[in-house]
Amino acid sequence: MGNRKNGYIYCHALDESGSAILTLAVLKKGAHTALECGIIDPKSKEKLECIEYIFGKNGVKKDLFGGEKIEVTTKNGSFSVAFCGDEKHINIRFEKCLAHTELTAEIVLKPLSPVISPDKEEKTGFFTVQGKVFVKDREYTFSYEKSVGIFRSSKVFSGKSRYGAGFVYIDRKLLALVSDFENEDKNRVFYDGVLYETGGFSLKKGESFGEEWILTSQKCDMKISFFPKFNDRIDVSRPWLRLHGDRVFGTASGSMTSKDGKCLSFDGMHCLYERID
């Protein structure tokens, strides 16, 4: 779930109600650590977030299990990430941040699917979330039974990329899609515990934001209609970290054929499309 050696975590997850999205990024790079944690409400088009940049190597310590632990305290608050086997235990407490609002979070990320690892540098997969996030006077609850998310590895922080993912439950079985639009060998489907390749995806965007996007793949007889709801614009300019692009959230409906030939129809798939320049 991210790159353990360098302390990277990059993920998005639905809350228990399925109406709010947790976005979390922790990046340890050299002598610098960056944290972004927030809640996105696609319906109200609102984002409440905490952003903190920390300089110096004193934020990385060894935990009791011999793994690496990110632990940082600043004048605004503190955050820690403990690596317990495959799980990530995250505690965030900030009363005053460099951006937007105060935030408290106590959550655990637990792997749900096999890690999709097209190469040694990049890993992608799905996880469940347990815990709570408090932003201002609002409380968001996450549970293993209802809160599903997408995680990516450290490679997301460097270079250009076009990436998409989505997930929905069909009769209590998770259907999840992962796509790298720059490399069709990295496109995967995860359904009912089975992970398999889909071949290339073809994406046709709407002429304006909010209009229908069409995603197709001949190999698995897939056709998906995606409707964007919220664009979380990425604009980070630091000497050691530069990210510019878009993270588009929305829902989709469609159908595809599973590896065993079963036709899967779905509605309400939660999707993310990301473009990094």
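Is Glu 106 buried, exposed or partly exposed? Glu 106 counts as partly exposed, because its relative accessibility is 40%, where buried means under 20% relative accessible area, exposed over 50%, and partly exposed in between, with a 1.4 Å probe and protein chains only. The model is a predicted one, in which local features need pLDDT of at least 70 and side-chain atom pairs count only at pLDDT 80 or more, while totals for chains, interfaces and linings use all residues. Residues are numbered from 1 along each chain as its sequence is written, and side-chain values use heavy atoms, with hydrogens and water left out.

**The chain as a whole**

- The chain has 21 strands and 0 helices, both taken as DSSP runs numbered from the N terminus, with helices being H or I of at least four residues and strands being E of at least two.
- Of the 277 residues in the chain, 53% are buried.
- The accessible surface of the chain comes to about 13,300 Å², with carbon and sulfur atoms contributing 47% of that area, as calculated by the Shrake-Rupley method with a 1.4 Å probe, and for residues only the protein chains shown count as cover.
- Among the contacts in the chain with a separation of 6 or more, 45% are between residues 24 or more positions apart, a contact being heavy atoms within 4.5 Å.

**Surroundings of Glu 106**

- Glu 106 belongs to strand β9, which covers residues 103-111, and its C-alpha is 7.8 Å from that of His 89, a residue 17 positions away in sequence.
- Leaving aside residues up to four places away in sequence, Glu 106 touches Ile 90, Asn 91, Arg 93, Gln 130, Gly 131 and Lys 132.
- With Arg 93, the side chain of Glu 106 makes a polar contact of 2.2 Å, the term denoting a pair of N or O atoms within 3.5 Å, where within protein one must be able to donate a hydrogen and the other to accept it, and residues adjacent in sequence count only if both atoms are side-chain atoms.

**Surroundings of Ser 143**

- Ser 143 is found in the loop between β11 (138-142) and β12 (148-152), and this residue is buried, with a relative accessible area of 8%.
- Apart from residues up to four places away in sequence, Ser 143 touches Glu 16, Val 129 and Gln 130.

**Salt bridges**

- The whole structure contains 10 salt bridges, each defined as a side-chain nitrogen of Lys or Arg within 4 Å of a carboxyl oxygen of Asp or Glu.
- One of them joins the side chains of Lys 173 and Asp 192 at 3.6 Å, N to O; because Lys 173 lies in strand β14 (residues 173-180) and Asp 192 in the loop between β15 (188-191) and β16 (194-197), the pair ties together parts that are 19 residues apart in sequence.
- Arg 275 counts as partly exposed at 23% relative accessibility, whereas Asp 246 is buried, with a relative accessible area of 12%.
- Salt bridges with shared partners join Glu 36, Lys 47, Asp 232 and Arg 247 into one network.
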